[in-house]
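Here's a quick briefing to read with the model open next to you. Take the topics in any order you like.

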Amino acid sequence: MTKAGTAPVAAGAMDVVDLGLRACAAFDRPDLAARLTEAKRRLADPVVHVVVAGEFKQGKSSLVNALVGAQVCPVDDDAATAVPTFVRHGEQPRAELWRGDNGTGGRREAIELADVRRHVVETQVGDGEPRVGGVEVRIPRALLATGLVLVDTPGIGGLGSAHAAASLAAISFADAVLFVTSAAQELTRSEMEFLRRARSMCPMVACVLTKTDFYPAWRRIRDLDAAHLAAEGDIPLLTVSSALRARAVRNSDAELNAESGFPDLITLVREQVGGSAEQRLATEAAAEVVALCDHLETSFTAERAALADPAAAQRVVDELTAVKSNVERLTTAAAKWSQTLSDGIGDLTSDIDFDLRTRIKEVTAEADQAIEADDPADTWAEFAPWLQARTAEELLSNYELLRERATELSEKVGDHFREATGAMLTRPTVHDPTSFAAAEVGEDLDLQKMRVVKQFGVVLKGLYSGAMMFTVVGGMVGVVLGPIVFGIGLVLGQRGLREEKKRQVQKRRAEAKNAVRRYCDKIIFVAGKDSRDTLRRVQRELRDHYTALAEELNRSNARALTAASEAAQRTKADREKRLKDVDAELARIAQLRQRAEAVAGS
C-alpha cells in the first residue's frame, strides 16, 4: 500500500485505475470517472481495522504496545481498559479524545499523550463532560503506515456484559479480530461463545495466547486451546510474550524477539489481514474498471454493427431505442428495483421496531422479577449495571438483525436491477447502537432505607398509640391495666415497624420498576429512532447508487444510439475508415479489460 511503499497488488490496481481515468477523459465520460476516483482514493489511503478483544487482564493492551513497539495503551495492574483505543499511523505522535455516544461522532479534542491513561482506564472519575467514547493515538510506525488500525477494546466480562456487546459491535465493522487469552488457563465457555459469535460477524479471527513467559505450563494450555479451536474450524492460534518482545526491542535482540512469538503474529497481520484487505480493495477497483469497459464497449459495439452491415443499421437503432426506453424506466419510481427497495424498507422498519420492543419487553419482565426477589436498596448497585449490560446485549441482537436484513434487501434490490442492467450493488452501512444502553438507570431514584432514629420513632409511635388505646378501653370498662399496657404497646409498635418496613420495601420496588420502565422507554425511543434513521440512510444509499448506475447506462445507450444512427448515414469510404478506428478502440478497451480482470484474479 502506498504509504510505506506500494505493494504489488495495490500498485497494479492503481495503474489500471489510472488507465481507466485516462479512458474516461479520452472518451468524454466524466460521469464514469467519479467511482474510479473514489476507488483510487481507497487504494491510496486504505484503512484496515484489527480489533483486539478478550476478557479483562489477558494482556490486550500489552499486546498492542508490543506490536507497535511503543507504550501507547495504558497497562495497569489495578485498573482495566474502559474505552476503546484506536492506534493508527501519524507523522508525529499525537492523541485525540472522542466524547459523545459514538466514537465516530460527537466532539473531538486534542490531548497530551501522557493523559491517555487518565481517559482510558476504569479509574477515570466523571467530570460533568459527555462520556468518553474512545481515544485515538497516532504514532509513526512502519506496521501502521499501510493503513492498519489496531483497536484495543475493554475486557468483555462475559458474553452478556455491556463491554462484550460493544466489542461485538466493533467487530462487525472490523477486517480482522485478534482474540487474546492468557496462558493462565484454557479457553473458558464464555470465551468460546464470544469467539463463535465474533466469527459469525467477521471472517478473519485469530486467537493469541499471551503471557507465555509467566506460566511454565503454557504449552499444555496451548494444546488444550488448540483442541477447542479445532472443533470450531480453522482459527489460527499463536503464542506470544509481550514482556519478551519489549525486552527484545529495547536491546535489539533478534533471538529474543523470535522467542517472543511476535514475528509470526506480525506476519499474520501484514500478510493475511493486510493482504486480504489489499486484495479486496484491488478487486473492487478492478471491478469498477471492468464496468467502465462495459459502458465504453456498448457505444463502439453498436456503431461497429451499423458500420459493418448498413442493411442492419436500422435494426440496431431500433434495438437501442427499445433499450433506451427500458433504461429510462429504471430511474422512475415504477421500476421493480425501486418498488422492492421502498416496500422492503417499510417492512424492515416495522419488523426491526417490533423486534426491539419485544426484546426490551423481555428485559423489563426479567428486571421486574429481579426487583421482586430482593430489596432494591440492597441490590441496586449490582442491578443497574446488569440492566445496562442486558439491554446492550438485546440492542446488539436487534442491530445484527437489522444489519442482516438490510444486507439481504440490498442484495435483492441489486438482483432486480441486474436483471435489466448487469450492474453491481453496494453494501449498506449501519452503526453501533450499544452505546445507548449506557444511559443512567434511575438517576433520581431514592432507595434509602429507614435510619435507626426513624425506626425508633415508628416503634415509639406504635407503643404510644397502643398504650393509649388500651388505657382508654380499660378506663371505659373500669379495668386498670397498669404496666401491662406498655408491653402491649411495644408489641403493637414492633408490628407497626414491620408493616412500615414492608410498605417501604414495596414503595422502593415500585419506584425501581418505574425507573426501569423510564430507562427502557428511553432506550426504545432513542434506539428506535436510530434504527429508522439507519434504514432511511440505507434506502438513500441504495436509491442514489442505482439511480446513478441507471443514468450512466442511459448516457451510454444514448451515445450508442447516436453512433449507430450516424454510422447508417456514412458513405462506404467513410464507413471503412471509421470501422478501422472503431476496431482499434475496441482492441484498446479489450486490453484494459484484460488488465483489470488480471488484477481482480491475482
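H1 and H10 cross in a left-handed way. Their contact draws on Val9, Ala10, Ala13, Val16, Val17, Gly20, Ala23 and Cys24 from H1, and on Glu278, Gln279, Ala282, Ala285, Val289, Leu292 and Leu296 from H10. Keep in mind that this is a predicted model.

**The chain as a whole**

- The protein chain has 16 helices and nine strands.
- Of its 602 residues, 47% are buried.
- If you look at contacts in the chain with a separation of 6 or more, 80% of them come from residues 24 or more positions apart.

**H1 against H10**

- Helix H1 covers residues 8-26 and helix H10 covers residues 262-308; their axes come within 9 Å and cross at roughly 25 degrees.
- Because angles under 35 degrees count as roughly parallel, H1 is roughly parallel to H10.
- Sorted by class, the contact of H1 with H10 holds 12 nonpolar residues, two polar ones and one charged one.

**H1 against H2**

- H1 also packs on helix H2 (residues 30-44), at an angle of about 160 degrees and with the axes 9 Å apart.
- That angle makes H1 roughly antiparallel to H2, since anything over 145 degrees counts that way.
- The crossing of H1 and H2 is left-handed.
- On the H1 side, the contact uses Ala13, Met14, Val17, Asp18, Gly20, Leu21 and Cys24; on the H2 side, Pro30, Leu32, Ala33, Leu36, Thr37, Lys40, Leu43 and Ala44.
- Class by class, the contact of H1 with H2 splits into 11 nonpolar, two polar and two charged residues.

**H10 against H16**

- What is the angle at which H10 and helix H16 pack? It is about 165 degrees, with the axes 8 Å apart; H16 spans residues 572-601.
- H10 and H16 are therefore roughly antiparallel to each other.
- Here, too, the crossing of H10 and H16 is left-handed.
- The contact of H10 with H16 takes in 19 nonpolar, three polar and 10 charged residues.

**Aromatic pairs**

- Searching the whole structure turns up nine aromatic pairs.
- In one of them, Trp337 and Phe417 have ring centres 5.9 Å apart and planes at 75 degrees, so the pair is edge-to-face.
- Trp337 sits in helix H12 (residues 336-373) and Phe417 in helix H13 (residues 376-420), so this pair ties together parts that are 80 residues apart in sequence.
- Trp380 and Phe383 make an aromatic pair of the tilted kind, 5.0 Å from centre to centre with 35 degrees between the planes.
- Trp380 and Phe383 are three residues apart in helix H13, which means about one helical turn separates them.
- Trp380 counts as buried, with 13% relative accessibility, and Phe383 counts as buried with 7%.
- Which residues form one aromatic cluster with Trp337? Phe417 and Tyr546 do.

- Gln314 belongs to helix H11 (residues 313-330) and is partly exposed, with a relative accessible area of 49%.
- Gln314 and Ala564 are 250 residues apart along the chain, yet their C-alpha atoms are separated by 8.5 Å.
- Gly133 is part of strand S5 (residues 132-139) and counts as buried, at 13% relative accessibility.

Notes: Residues are numbered from 1 along each chain as its sequence is written. This is a predicted model: local features need pLDDT of at least 70, side-chain atom pairs count only at pLDDT 80 or more; totals for chains, interfaces and linings use all residues. Side-chain values use heavy atoms; hydrogens and water are left out. Axes are lines fitted to C-alpha atoms, for helices over the stretch in contact, and angles run from 0 to 180 degrees between N-to-C directions. Helices (H or I, at least four residues) and strands (E, at least two) are DSSP runs, numbered from the N terminus. Angles under 35 degrees count as roughly parallel, over 145 as roughly antiparallel, 65 to 115 as roughly perpendicular and the rest as oblique. A crossing is left-handed if the near helix is turned anticlockwise from the far one by less than a right angle, and right-handed if clockwise. Contact means heavy atoms within 4.5 Å. Ala, Val, Leu, Ile, Met, Phe, Trp, Tyr, Cys and Pro count as nonpolar, Asp, Glu, Lys and Arg as charged, and the others, Gly among them, as polar. Rings of Phe, Tyr and Trp (its six-membered ring) pair if their centres lie within 6.5 Å; planes under 30 degrees apart count as stacked, over 60 as edge-to-face and the rest as tilted. Buried means under 20% relative accessible area, exposed over 50%, partly exposed in between (1.4 Å probe, protein chains only).
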